[in-house]
Amino acid sequence: MTAADYVPARGGLAALRRAAADCHGCALYKDATQTVFGEGPSDARLMLVGEQPGDREDVEGEPFVGPAGKLLDRALKEAGIDRAEVYLTNAVKHFKFTLPERGKRRIHKKPSQGEVTACRPWLQAELDRVKPELVVCLGATAASALLGSGFRLTRQRGEIVSLPDGSGIPALATVHPSAVLRAPDREEAYQGLVADLAVVARHQA
Ligand code: URA
Ligand code: SF4
């Protein structure tokens, strides 16, 4: 089972979003509140891809609205990129979490390779509709979903490569904003993210 059985052949982003709300392409829909589909203009020149929605995104139904999203907003602004002009999405569209104890905060759990593969048709459909001029992978999950499992974020971050999907769309991978929040030297990690986004801004200029 994958999302391929749910992706409509026709229609724009609105049709995709409607269909994704009922996706049962993997088991993650069962415990999550809702599908968190991508968001942004259908003619966006830039697409940013994260890992999966977090706790806030799961509740609100929009990508990057929690703490990682706030940090991303700040980094985008600092790099001179207008978030309103960006199409923002995730490699996996449902929140995966563990519930340590009753009443405790839900803890984000990394999606499996199988879940990333199951959800990949939605990401491909978004790419096909938006046709961005550049794709930014935020973190290793998005990088592996889009650039293949051979891609090494530590060695190749900030480097402009081509999507191997036949589209030839240029792509770049950088750290995930959540990794910045967890980094021992947060300021250094943040400046690294801003520097990579500045490469993106220059590419778009
Ligand atoms: N982290 C992600 O990867 N995506 C979101 O939408 C929020 C947090
Ligand atoms: Fe479908 Fe993706 Fe949600 Fe799995 S995570 S149910 S494939 S939308």
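This is a predicted model: local features need pLDDT of at least 70, side-chain atom pairs count only at pLDDT 80 or more; totals for chains, interfaces and linings use all residues.
Q: Which residues surround ligand 2?

A: A residue belongs to such a shell if one of its heavy atoms lies within 4 Å of the molecule. For ligand 2 these residues are A3, C23, G25, C26, Y29, V92, K93, H94, A118, C119 and W122.

Q: Which residues lie nearest the centre of the largest cavity, and which helix gives the most to its lining?

A: The lining of the largest cavity comprises 13 residues, and C23, G25, C26, H94 and C119 are those nearest its centre. Helix α4, residues 113-130, gives the most to this lining, with three residues. By class, the lining of the cavity holds nine nonpolar residues, three polar residues and one charged residue.

Q: What space does ligand 1 take, and which residues are around the ligand?

A: Ligand 1 takes the space of the largest pocket. Around ligand 1 are G50, E51, Q52, P53, G54, E57, P63, F64, N90 and H176. This shell divides into three nonpolar, five polar and two charged residues.

Q: What polar atoms of the protein lie by the oxygen and nitrogen atoms of ligand 1?

A: Polar contacts are pairs of N or O atoms within 3.5 Å. A polar side-chain atom of H176 lies 2.6 Å from an oxygen atom of ligand 1. From the backbone of E51, an N or O atom is 2.8 Å from an oxygen atom of ligand 1. Q52 has a polar backbone atom 3.0 Å from a nitrogen atom of the ligand. On its own, ligand 1 has 240 Å² of accessible area, and the protein covers 94% of this.

Q: What is the volume of the largest pocket, and which elements supply its lining?

A: The largest pocket has a volume of about 710 Å³. Its lining has 28 residues, with A68, H108, H176, S178 and R182 nearest its centre. At least two lining residues each come from α2 (55-60), α3 (67-79), β4 (107-108), α5 (140-147) and α7 (177-182). Helix α7 has the largest share, four residues. Sorted by class, the lining of the largest pocket has ten nonpolar, ten polar and eight charged residues.

Q: How much space lies in the second largest pocket, and which residues line that pocket?

A: The second largest pocket holds about 210 Å³ of space. Its lining is made of P41, D43, A44, R45, L46, G80, I81, D82, E85, V86, A201 and Q204. By class, these divide into six nonpolar, two polar and four charged residues.

Notes: Residues are numbered from 1 along each chain as its sequence is written. Chains are lettered from A and ligands numbered from 1 in the order in which they are written. Side-chain values use heavy atoms; hydrogens and water are left out. A polar contact is a pair of N or O atoms within 3.5 Å; within protein, one must be able to donate a hydrogen and the other to accept it, and residues adjacent in sequence count only if both atoms are side-chain atoms. Accessible areas come from the Shrake-Rupley method with a 1.4 Å probe; for residues, only the protein chains shown count as cover. On a 1 Å grid over the protein atoms alone, a cavity is a set of points where a 1.4 Å probe fits but cannot get out, and a pocket is an open set with protein on both sides within 12 Å along at least five of seven lines; lining residues have an atom within 4 Å of a point. A molecule sits in a cavity or pocket if more than half of its atoms lie within 2 Å of its grid points. Ala, Val, Leu, Ile, Met, Phe, Trp, Tyr, Cys and Pro count as nonpolar, Asp, Glu, Lys and Arg as charged, and the others, Gly among them, as polar. Grid points are joined across faces, edges and corners, and a volume is the space filled by probe spheres set on the points.
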